Amino acid sequence: MRKNIVAGNWKMNTTLAEGVGLAKDVNEALKNATPKCDVVICVPFTHLASVAAAIDTDKLGLGAENCADHVKGAYTGEVSAPMVASTGAKYVILGHSERRQYYGETSEILKEKVNLALAENLTPIFCIGEVLEQREDGTYNEVVTKQIEEALFDLTAEDFSKLVLAYEPVWAIGTGKTATAEQAEDMHAHIRSVIAGKYGKEVADNTSILYGGSCKPSNAAELFAKPDVDGGLIGGAALDAASFMGIVNAFKEIFSLKR
Ligand code: PEP
């Protein structure tokens, strides 16, 4: 059975002290809550070990925002999947559009990263999504299909089942412009059919597919209520514990409708 997940992506924000403080606030809020979803925060590399020590990682999952495409060696400035895992992190965001766009990450590179993350028992949160031009020219389904096929379809069904996918239309990230719940549902259903075509219906039905792109407390419930939307990858709104918890709590409103 697939899981509902709300995951924060802090990006390049917060000093160490600020980050530990934010993680503690989310951890504290979760202590008295009974969330109807798994809750994860993905934080800068520099914060991982300190945040791991400051939170209850059974209640609040911890992840990195990236990892290297090599396991070790002379790659100055890089951080490997084993290093990430050694901090206590259990997740890693891979293929975020900002990595693809600003750091030239290709499907070939991402394939390596996925394999290395899986070898460390990290759960990749693998991001896919089209840019505005592709949304407008109507090629968005093909674009996302290609991203999935190129980077992920060499995996065995067993390994594919360990992934979480995040559909993040690039035009909605950090822009305040959210995909409508219908646009998100259409794409998530499409992604699920692409997975079913390769790995079968059971694997497709069990894959958690998150939506990301200007998700906030005011629109989370409408998005998460859609049958193929299993939660969110949250950027800006994850930098404030109250708004992040507002999104987590959106699942309470809709839980009885969905499962
Ligand atoms: C993201 O970058 O993963 C994201 C969804 O950002 P935002 O919520 O700020 O649009």
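The legends below describe close-up views of a predicted model.

**View 1**

Glutamate 168 contributes a polar side-chain atom, which lies 2.7 Å from an oxygen atom of the ligand. Glycine 174 takes part through its backbone: a polar backbone atom of this residue is 2.7 Å from an oxygen atom of the ligand. In serine 214, a backbone N or O atom lies 2.7 Å from a ligand oxygen atom. Taken alone, the ligand exposes 300 Å², and the protein buries 95% of that area.

**View 1. Helix H7, residues 140-152.**
How far apart are the end C-alpha atoms of helix H7? They are 18 Å apart, and this agrees with the 18 Å that its 13 residues should span at 1.5 Å a residue. The buried residues of H7 include Val143, Val144, Thr145 and Gln147. Ile148, Ala151 and Leu152 of H7 are buried as well. An α-helix has 3.6 residues a turn, so residues three or four places apart point the same way.

**View 2. Serine 107 and its partner, glutamate 150.**
Serine 107 is found in helix H5. With a relative accessible area of 11%, serine 107 is buried, because this value is under 20%. The side chain of serine 107 makes a polar contact with the side chain of glutamate 150, at 2.8 Å.

**View 3. Two loop residues with positive phi.**
Most residues other than glycine have a negative phi. Threonine 14, however, has a phi near 80°, a positive value. Threonine 14 is located in the loop between strand E1 (5-9) and helix H1 (16-31). A second case is asparagine 121, whose phi is near 60° and is also positive. The loop that holds asparagine 121 runs between helix H5 (107-119) and strand E5 (123-128). Is asparagine 121 buried or exposed? Asparagine 121 is exposed, because its relative accessible area of 66% is over 50%. Threonine 14, by contrast, is partly exposed, because its relative accessible area of 26% falls between the limits of 20% and 50%.

A disulfide is a covalent bond between the sulfur atoms of two cysteines. How many disulfides does the structure hold? The structure holds 0 disulfides. For cysteine 42, the closest cysteine sulfur belongs to cysteine 127 and is 9.0 Å away, which is too far for a bond because a disulfide requires sulfur atoms within 2.5 Å. For cysteine 127, the closest cysteine sulfur is in turn that of cysteine 42. Cysteine 42 is buried, with a relative accessible area of 0%. Cysteine 127 also counts as buried, at 2% relative accessibility.

**View 4. Leucine 223 in helix H11.**
Leucine 223 is found in helix H11, which comprises residues 217-224. At 2% relative accessibility, leucine 223 counts as buried. Leucine 223 and glutamine 183 are 40 residues apart along the chain, and their C-alpha atoms are separated by 9.6 Å.

How values were computed. Residues numbered from 1 in each chain as written. Predicted model: local features only at pLDDT ≥ 70, side-chain atom pairs only at ≥ 80, totals over all residues. Heavy atoms only, no water. Polar contact = N/O pair within 3.5 Å; in protein donor to acceptor, adjacent residues only side chain to side chain. Areas by Shrake-Rupley, 256 points an atom, 1.4 Å probe, with all protein chains shown as cover. Helix = DSSP H or I, 4+ residues; strand = E, 2+ residues; numbered from the N terminus. Expected span 1.5 Å × (residues − 1). Buried < 20%, exposed > 50% of the residue type's maximum accessible area, 1.4 Å probe, protein only.
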